[in-house]
Amino acid sequence: MIAILFLLARRLLTALPILLTVSILMFVALRLLPVDPAAMSMPPNATNEDIAAKRREMGLDKPLTTQYAIWLRGALHGDFGRSIQLRRDAGHLVTAALPATIQLALCAMVIASVLGLGGGLLLFHLRGGASEALGDLGTTVLLSVPEFLWALLFILLFGVLLPVLPFIGQLGPQFSVVRVTGFLLIDTLLAGQGSAFASALAHLTLPAAALGIAFSPAIMRVLRSGLLDVYHEDYIRQARLRGIGEGRILIVHALPNAILPTLTLMGVQFGFLFGGTLLVEVLYSYPGLGNLMVDAVRNADLPLIQTVGLTYCIVVLLIGMTVDALVLVLNPRLRAR
Amino acid sequence: MTPAASRRGFLAMTAATLAAPSLVRAADDAVTIAWPSDVPGWDPNQRFTPDAQSLFKAVFDQPLDQAPDLKLVPHLVTRWELSADGLSMPIDLRDDVVFHNGERMTADDFRFTFFERIKSTPGLDIANSWRKVQDIEVLSPTKAVMRFSSPAPTAPVWLAFLGSYLVPKGYVEQVGAQAFAQKPIGTGPYRLVEWEVNGRIVLERNDKYWGPRPAIRRVTVQIIKDPSARVAAVQSGQVDIAINLPVREAVRLQGEPKLAAELDPITRIILLQVRNDLGFEDANVRLAAHHAIDKAALSRAFYNNAAVPLSQLATPGTPGYMDDFSVRFDPELAKQLLAKSGFGPDKPVKIGFATTNGQFPSDYDLARAIAQMWKRVGIEADIQVIEYPKYFELNRGHKLPEATLYSFDNATGDPEIFVGYMLNPKLPFSPWQDMTIGQKVIDLFNVADTAKRYAGWQAIDREAMEIGAKIPLLQSVLTLARQKNLAVTKYANGWVLPQTMRWT
C-alpha cells in the first residue's frame, strides 16, 4: 500500500510540471495563430472601436507572458475563460461534456479488452497450427482499419442496411433523464428508468464497438507474445511435470504473468482511445468532449480549445497513474523494489 | 423495486431496445428532427445565427412574423405604423399572451427587450440592429411608441428578423442573463425542457399558447453535424426529418418510397464578394470575371438545377428583384474586356480567390469550377481556403483577396438588407470600399418612403452590376428529406418550423 501511495505521490509531482509545460505550449501555439479572439467574439457589424475595447477587456493588448499569467491565475481558481462561440464558461462546457466521453471510452475499453484478451488467447491457441497464418492476417486487417472507418462501416451495416442499432446521440427521443452524475448509464439506473438505460446502452454500442475493435488487435498481439515468452519459463515446464492440466497452466500460471505487459499497453492504448473519440463522436453525433473540440477548432474558439486540450492531457496523465498503480498491485516483484 | 426496474422486465426491455431501437418511434404526436448545428445559447437576443432562427421561433415569439411568402404579418404586435419621417413607430400589442412561467406579456417587456436590455447588457448582437432606438414610450400594457434617432425604414422588417425575440423583463432581471440563456422562458408555442450542448434539444408543446396549437406535442432536435450522418439518420428512420443534406443525396432520397426529399430555393444568395483594388481595380477585369461564369452550368453540376442563376443582389419574388435585368454568360465578351486591359489566356491577370470548404453545400467545388471558367478567358485565380468565422476579421483588416465566395442570408427579403448591407462600406460584410456607390447606399438607409427606397435599391443594384462591384451567382437552396407522412410548411426564407409540422 505504501509503495502504491509513494508511486502516486511521485507521479502527481511529475504531472504538475508536465501540465504546466503543456499549458504554456498550447497557450503560445494558440496565440501564434492568425486569429483575433476579440474580433471573433463580436458580432459582424461591430465597429473597430468596439473590437479594440473588447481586446483591452480580454487583456489581449498586454504582453504574452502577462496574458499567460492572467490565464493561469484564472485556471487555478477554476476560471478557464469564456467560450467565444457559445459565450459560456469554458470549464462548465468541458465538465458537462466530459462524462459522456469517459463513458464512451470506458465502454470501448471494455470491448477492446474482451476482444483483445479473447483474441490473444485464441491466437496463442492457434500457434504452430495451420490457422496461425489466418489469425495473423485477421489481426493485420483489424490493425489496418482506423476507428473512424469502423464507425462508418457500423453505421452503414447496423444502422442503415440492417437497422437494428441506433447511431445518433446517446438516448432515444422518447426518453428524458434527470442528470445527476452526468454518466447517462448510471443516471438512468439511479432514476429507475430501465427502458432509458437500455436505450442508452443501445446508443453506446456502435460507437464503443468502433473504438474498441480498432484498439483490440494490439492487445491480442501483445498478449500472445507475452504468453509465448512465459511458456518458455521453467515454472511452466515444472507445472506440466506436476501433471497440471493445460487449461489451468494457461489461466492460473501463465496468464497472470503474461498479462502485465498487456495491461501496461492497455493503459497506453486507453490514452490513444480517449483521443480517438474525437472523430467517432462527430460521426455518431455523440455530445462529448471530442464533439466540443471539433466545434471549438472549427470556430477558432481559443479558450475552449485550450480547456479541452488541457483536459485531454489531465485524463491521459490520470490513466497513466492508474495503470501504474494497477501494475504495482498485480506485480509483487515491482512492489519489492 | 418498480415493475419497470424488475429484473425480468428490465431484461425484456433491454433485449427489445437493443434488437430494434430504430423501429421504436416515440408517438404520433412526436417528431425527431436532424439539425446541422446547435444553438449558440438560449438567449435569442445574444447571437445572430441564421440556422438557429427556426429553433428560437419555437420557444420565443417575435413582435411581427412572416408568412410563408415572406409578407410581414401581425404576431405579438397587432398594429404598427411607421411615421412618414421614419422617426417613430406606434405599436399595439396583444393582451392575451403569457410567458411560459405564467407571467403576462406587456409593453414593459417590449421596452425591456428593444431598449433597456440593449443599453444595460454588453455583447448582445441585437444592440447592433436597434442602435437607432432612442426610447420606447410605454402608453399602456398594450401600447407603446418606438422612437428613433434617425429614420428607421426597416424597423418593421427587423421586428421579424434576426435576434428580435421578446424576452420576459421580470424573469431575466430576476435570474440574470447567464441563467436565462440556460433555462429560457418565452411566449412561443414550445417550452424548452432539455438542452444538451452538441447533443439534443427537447421541446414540449406550450398548451397555453395564445396562437394556433401545434399538432406535435414533443419535438426532439438531434444535433447531427455530419451531413452524411443526417442522410443515414433519415433514411434509417431514426429521425423524421433532416435538413441541409448534400444535394446529390437529397436527389437520391427522392427515389426512396417512404421519404419525400426537396430542394427549395430560399432567400440566400451565393455570390462573389470583390474588392475594388489590387487585381480587381480595373472594371474591365471585374466585368470579365462576371461574364466568364456559366451560372446555369454551376447550378446543373452542383445543385441539380434547383439553384436559380442570379445577376443581381435579390432573389425572385422579393421587392428588390428586377425581372428585366440580367448579366449574360458570354466568354467572348469576357475575353474582349480583358483584352482592352491587356490581358488574355496567354497573359492572364492573376488574382487571389478565397472560399470556405463546407460552410454551405458544394462551396469549394463551386470555387474550383469558377477558377476553371476564369482560366479559359485569361484570369488565373489562386484559391485559398478560409474558415467562415475569419471572413469578417480578414475583411476588417483589408486582407481578403480580390474575390471571395460568400453566402448571404436575408430571411426578410428586404432590398436594404440585400443590397444595402452588401454594399455599405461602413458595414463589415463587403470588401468593396468605393464611396461612389457607398455614399448613395448610406443616404438611402435614411429614406423612409417604401416605394422610393425600393426603387432606390434597384437602381443601386443595377449600377453595382454595371461596374462589377459584386458578382451574384446563384440563389441558394434548402435541402430537406422527411418521412412522407410528415407535413411541414415551406417558407421562402428556408425556415423549418416545428410548430407547422403534423403527421398526415
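Which residue stands opposite Ala34(B) in E11(B)? In this predicted model, where local features need pLDDT of at least 70, side-chain atom pairs count only at pLDDT 80 or more, and totals for chains, interfaces and linings use all residues, that residue is Ala242(B). Residues are numbered from 1 along each chain as its sequence is written, while chains are lettered from A and ligands numbered from 1 in the order in which they are written.

Helices (H or I, at least four residues) and strands (E, at least two) are DSSP runs, numbered from the N terminus. E1(B) and strand E11 (residues 241-243) of chain B run parallel and are joined by 2 bridges; strands count as paired if DSSP finds at least two bridges between them. Both belong to an open sheet of 10 strands with mixed pairing, in the order E8-E9-E10-E1-E11-E16-E12-E15-E13-E14 (chain B). At the edges stand E8 and strand E14 (379-385) of chain B, each with a single partner strand, so one side of each has no neighbour in the sheet.

Now for where the chains meet. Chain B puts 54 residues into the contact and chain A puts in 47 residues, two residues being in contact if their C-beta atoms, placed from the backbone, lie within 7 Å. On the chain B side, H1(B) supplies the largest share, 7 residues.

Ala242(B) turns up again in the largest nonpolar core, which has 229 residues; Ala210(A), Ala242(B) and Ala288(B) have the most contacts inside it. Such a core is a set of buried Ala, Val, Leu, Ile, Met, Phe, Trp, Tyr and Cys residues joined through C-beta atoms within 7 Å. Buried means that 20 or more other C-beta atoms lie within 10 Å of a residue's own, exposed means 12 or fewer, and partly exposed is in between, with C-beta atoms placed from the backbone. Leaving aside neighbours within four places in sequence, Ala210(A) is in contact with Glu147(A), Trp150(A), Ala151(A), Phe154(A) and Val280(A).

Among the buried residues of H13(A) are Leu302(A), Tyr312(A) and Ile319(A).

Tyr68(A) sits in helix H4 (residues 64-76) of chain A. Why does Tyr68(A) count as partly exposed? Because 16 other C-beta atoms lie within 10 Å. Not counting residues up to four places away in sequence, Tyr68(A) touches Ile24(A) and Phe27(A).
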